[in-house]
Amino acid sequence: MSQPPRSNRGHRERNGDHRPRNGDHRPPRDDRQSSSDRSSSRPPYYPREADPAPKYSREVPRVEQSNSSCTNICSRRGIVLICAVLTNALVLICVVAAQMVMSGITSMGGLGGFNINTNLNLQGTELQKARDLDMQYSQMRAPGIYGGISFSLTFGVISLLFVVAGNKPPHLMSQKLLLGALVFQAVGAVVYVVAVGLYLHFVISVNSTDVCKQRERIYFRNGYTWMNCDVGGADAAVALFGLITAILYTAGTVLTVKTVRQVRGYLKEQKRRRMAKQQARSSPHRDPLTAETVSV
């Protein structure tokens, strides 16, 4: 029997043609399975979008929203003080208006747009007497107008200063400032009621004098019935806005008392927490020492 030459079999083996021999039942090699095995042994691939941020990347810090100065000023306590500033300004305006109205027609001859020679029915001796009485009456009311202007202006300016000083949260403000605002509003509520009573008493006493009665008769004979010795509308407005200011100061006192209590409670709680943190920090250093002394 003739056998195939070995050179052909060796040639086939060199070319990569591996055929199974007789009796060799090994399965053929699966290239896809080996490639999957090799791929499973490799680490997974992540796309660029999923790559973590670099270690030294620049991050934008988060800015915590804090209360602005307007928010602190526009608190309930601040709004009451702002209203008190406005009512003080109204008291000031009404005091000046009351003096201008009750000073007499002859005293307003120097104002713009008023001609004393064409608008007055007073002539001769009555005109001269009315001028003298107007001057005396204005001098008698001068303490009331000067006192009212200085009083309302002082309280209005101080109230405005406390409004501006309240641009911080209460727990960050000075305790002396809060106590000062408390005392000022409490005193202002009482003093304003007393001041309104004194102002009305002063106006009534001036209007009950003979000077005012003579002025009233002279003006009444010439048709000026509104120039009388009763309490005028401007004086009543002074008293009304003064009482409103006293009520506002009373409400501000109550709110300031609550604020002071809350601030004191907050500061006590912060102090207690700081002490607790200090004790917690010092306790781990003490425990090993106690353990060593017990073991010894």
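**Notes on salt bridges and cavities**

1. Arginine 273 and glutamate 269 join their side chains in a salt bridge with an N to O distance of 3.4 Å, the term standing for a side-chain nitrogen of Lys or Arg within 4 Å of a carboxyl oxygen of Asp or Glu. Because arginine 273 and glutamate 269 are 4 residues apart in helix H9, about one helical turn separates them; helices here are DSSP runs (H or I, at least four residues), numbered from the N terminus. Arginine 273 is partly exposed at 46% relative accessible area, and glutamate 269 is partly exposed at 29%, where buried means under 20%, exposed over 50% and partly exposed in between (1.4 Å probe, protein chains only).

2. The model is a predicted one, in which local features need pLDDT of at least 70 and side-chain atom pairs count only at pLDDT 80 or more, while totals for chains, interfaces and linings use all residues. Residues are numbered from 1 along each chain as its sequence is written, and side-chain values use heavy atoms, with hydrogens and water left out.

3. The structure holds 3 salt bridges. In one of them arginine 215 pairs with aspartate 134, the closest N and O atoms being 2.7 Å apart; arginine 215 belongs to helix H8 (residues 210–221) and aspartate 134 to helix H6, so the pair ties together parts that are 81 residues apart in sequence. Arginine 215 and aspartate 134 are both buried.

4. Arginine 141 and aspartate 235 also meet through their side chains in a salt bridge (3.1 Å, N to O). Since arginine 141 lies in helix H6 and aspartate 235 in helix H9, the pair ties together parts that are 94 residues apart in sequence. Arginine 141 is buried at 5% relative accessible area, and aspartate 235 counts as buried at 2%.

5. Which residues line the largest cavity? The lining consists of Val95, Gln99, Arg141, Gly144, Ile145, Tyr199, Phe202 and Val203, with H4, H6 and helix H7 (175–207) each giving two or more residues. About 50 Å³ of space lies in this cavity, a cavity being a set of points, on a 1 Å grid over the protein atoms alone, where a 1.4 Å probe fits but cannot get out, and lining residues having an atom within 4 Å of a point. Arg141, which lines the largest cavity, also takes part in the salt bridge with aspartate 235.

Note on methods: On a 1 Å grid over the protein atoms alone, a cavity is a set of points where a 1.4 Å probe fits but cannot get out, and a pocket is an open set with protein on both sides within 12 Å along at least five of seven lines; lining residues have an atom within 4 Å of a point. Grid points are joined across faces, edges and corners, and a volume is the space filled by probe spheres set on the points.
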